[in-house]
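Visitor: I would like to learn how to read strand pairing and a nonpolar core from a model. Could you take me through one?

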Amino acid sequence: MFNTVILIGRTVGEIKLHTLESGFKVGFMTLAVTRPFKNMQTGEPDTDFITVVLWAGIAEAASAYCHKGSTVAVKGRVAIRKKDVNGLSIDSIDIIGERISFINLKTQQTEKEFFENANQM
């Protein structure tokens, strides 16, 4: 059996980092992933918004370095959780990120601020 997912996309917003009662860190990020083909009605490619769950050090690193609009690659696996909603059993699909590669990071500094800070070193 083989359960591997590779996604490349842009982060939709800031990563939401939480600390659980056990002390473990968990982060949630949403990736905008453009489909490789065009929609027949609009002529434009559709975009999927996929939630990725990150744990421990990966969650902390992503939270520290990724900002809205950063391009990242995530390697992970599919996990299915069962939820009970009003007596109905609903399957929820999660992507558990196991590795993340930072392709193009958006910073909160402007280019001018970056070079000013670099010159002060």
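This is a predicted model: local features need pLDDT of at least 70, side-chain atom pairs count only at pLDDT 80 or more; totals for chains, interfaces and linings use all residues.

Visitor: How many bridges join strand 3 to strand 4, and in which sense do the two run?

Guide: Ten bridges join strand 3 to strand 4, and the two run antiparallel; at Leu-31, the bridge partner in strand 4 is Ile-50. Six residues lie between these strands in their hairpin, where Gly-43 takes a positive phi near 80°.

Visitor: How should I think about the side chains along a strand?

Guide: In a regular strand the side chains alternate between the two faces of the sheet. Turning to the core here, the largest nonpolar one has 15 residues, and among those that touch the most other members are Leu-31, Met-29 and Val-74. Strand 3 gives the most to this core, with three residues. Val-74 has contacts including Val-5, Leu-7, Met-29, Leu-31 and Val-52.

Visitor: Is Ser-92 buried or exposed?

Guide: Buried means under 20% relative accessible area, and Ser-92 counts as buried because its relative accessibility is 13%. Ser-92 lies in strand 6 and touches Ala-79, Ile-80, Arg-81 and Lys-83, leaving aside residues up to four places away in sequence.

How values were computed: Residues are numbered from 1 along each chain as its sequence is written. Side-chain values use heavy atoms; hydrogens and water are left out. A nonpolar core is a set of buried Ala, Val, Leu, Ile, Met, Phe, Trp, Tyr and Cys residues joined through side-chain atoms within 4.5 Å. Buried means under 20% relative accessible area, exposed over 50%, partly exposed in between (1.4 Å probe, protein chains only). Helices (H or I, at least four residues) and strands (E, at least two) are DSSP runs, numbered from the N terminus. Contact means heavy atoms within 4.5 Å. Two strands pair if DSSP finds at least two bridges between them.
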